[in-house]
Amino acid sequence: ADELEVPKHVLRFWEAKFAQLKPMKRGGGRRYYRPEDVALLRGIRFLLYNDGYTIRGVQKILREEGPRYVMDYRRLAEMSGDDEIAAPYIPDIAAEAAQGPGVYRPGSAPNGDTLGALLEELEACHRLLADADTKD
């Protein structure tokens with residue numbers, strides 16, 4: 001807790017929220033964090049505190065990208081000295097649903113306006129991918 005600059009109860013809370021965190025527990029309930037546990041905790045802390053992700057956002061990143069990605073994400077940001085490295089886009093489904101009827105929902109028949117918006121979004125994604133491919 002001291003090394004990560006978070007209270008001990010926060011570590012216990014994160015254990016409950018992130019299934020990937022599994023410290024060894026010894027007699028008396030003492031927790032022993034292995035080096036990979038500490039690296040994952042640093043990555044989680046970085047995403048929550050530096051990049052402003054929510055618990056659910058970090059859970060989704062862990063589920064989709066895996067713990068190694070979270071560990072490496074923090075290291076890459078620290079090595080580059082830049083907090084703005086390429087983080088995965090995590091859509092806010094609740095916010096999209098709150099936008100109203102113009103948003104496509106799976107299982108519903110899209111109208112012409114919705115299809116046009118989807119096409120524009122796909123074209124924008126295609127441009128982003130093409131730009132990223134040329135930068136590599």
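At what angle do the axes of α1 and α2 cross, and within what distance do they come? The axes come within 12 Å and cross at roughly 95°, where axes are lines fitted to C-alpha atoms, for helices over the stretch in contact, and angles run from 0 to 180 degrees between N-to-C directions. This is a predicted model, in which local features need pLDDT of at least 70 and side-chain atom pairs count only at pLDDT 80 or more, while totals for chains, interfaces and linings use all residues. Residues are numbered from 1 along each chain as its sequence is written, and side-chain values use heavy atoms, with hydrogens and water left out.

**Chain and confidence**

- The chain has six helices and two strands; helices (H or I, at least four residues) and strands (E, at least two) are DSSP runs, numbered from the N terminus.
- From the N terminus on, the order of the elements is α-β-β-α-α-α-α-α.
- Of the 136 residues in the chain, 27% are buried; buried means under 20% relative accessible area, exposed over 50%, and partly exposed in between, with a 1.4 Å probe and protein chains only.
- Among contacts with a separation of 6 or more, 44% join residues 24 or more positions apart; contact means heavy atoms within 4.5 Å.
- Mean pLDDT (the predictor's confidence in each residue, from 0 to 100) is 77 for the chain, and 69% of the residues reach 70 or more.
- By element, mean pLDDT is highest in α1, at 93, and lowest in helix α5 (residues 93–98), at 50.
- Over residues 85–90 pLDDT stays under 50, and the model has 17 contacts beyond four places in sequence for this stretch.
- Where pLDDT is low, the predicted coordinates should not be read in detail.

**Packing of α1 and α2**

- The two helices α1 and α2 are therefore roughly perpendicular to each other; angles under 35 degrees count as roughly parallel, over 145 as roughly antiparallel, 65 to 115 as roughly perpendicular and the rest as oblique.
- On the α1 side the contact is made by Val10, Leu11 and Trp14, and on the α2 side by Leu41, Ile44, Arg45, Leu48 and Tyr49.
- By class, this contact has seven nonpolar, no polar and one charged residues; Ala, Val, Leu, Ile, Met, Phe, Trp, Tyr, Cys and Pro count as nonpolar, Asp, Glu, Lys and Arg as charged, and the others, Gly among them, as polar.

**Helix α2**

- Helix α2 covers residues 35–50, 16 residues in all, and reaches 21 Å from its first C-alpha to its last, close to the 22 Å expected at 1.5 Å a residue; the expected span is 1.5 Å times one less than the number of residues.
- Its buried residues include Val38, Leu41, Ile44, Arg45 and Leu48.
- Asp37, also placed in α2, counts as buried because its relative accessibility is 4%.
- Leaving aside neighbours within four places in sequence, Asp37 is in contact with Leu21, Lys22, Pro23 and Tyr32.
- Just after α2, Gly52 has a positive phi of about 75°.

**Helix α3**

- In helix α3 (residues 55–65), the buried residues are Gly57, Val58, Lys60, Ile61 and Leu62.
- Ile61 has 1% relative accessibility and so counts as buried.

**Exposed sites outside the helices**

- Glu5 lies in the segment before α1 (8–17), and its phi is near 60°, a positive value in a residue other than glycine.
- Glu5 is exposed, because its relative accessible area is 63%.
- Arg30 sits in the loop between β1 (24–25) and β2 (31–32) and counts as exposed, with 55% relative accessibility.
- Not counting residues up to four places away in sequence, Arg30 touches Met24 and Lys25.
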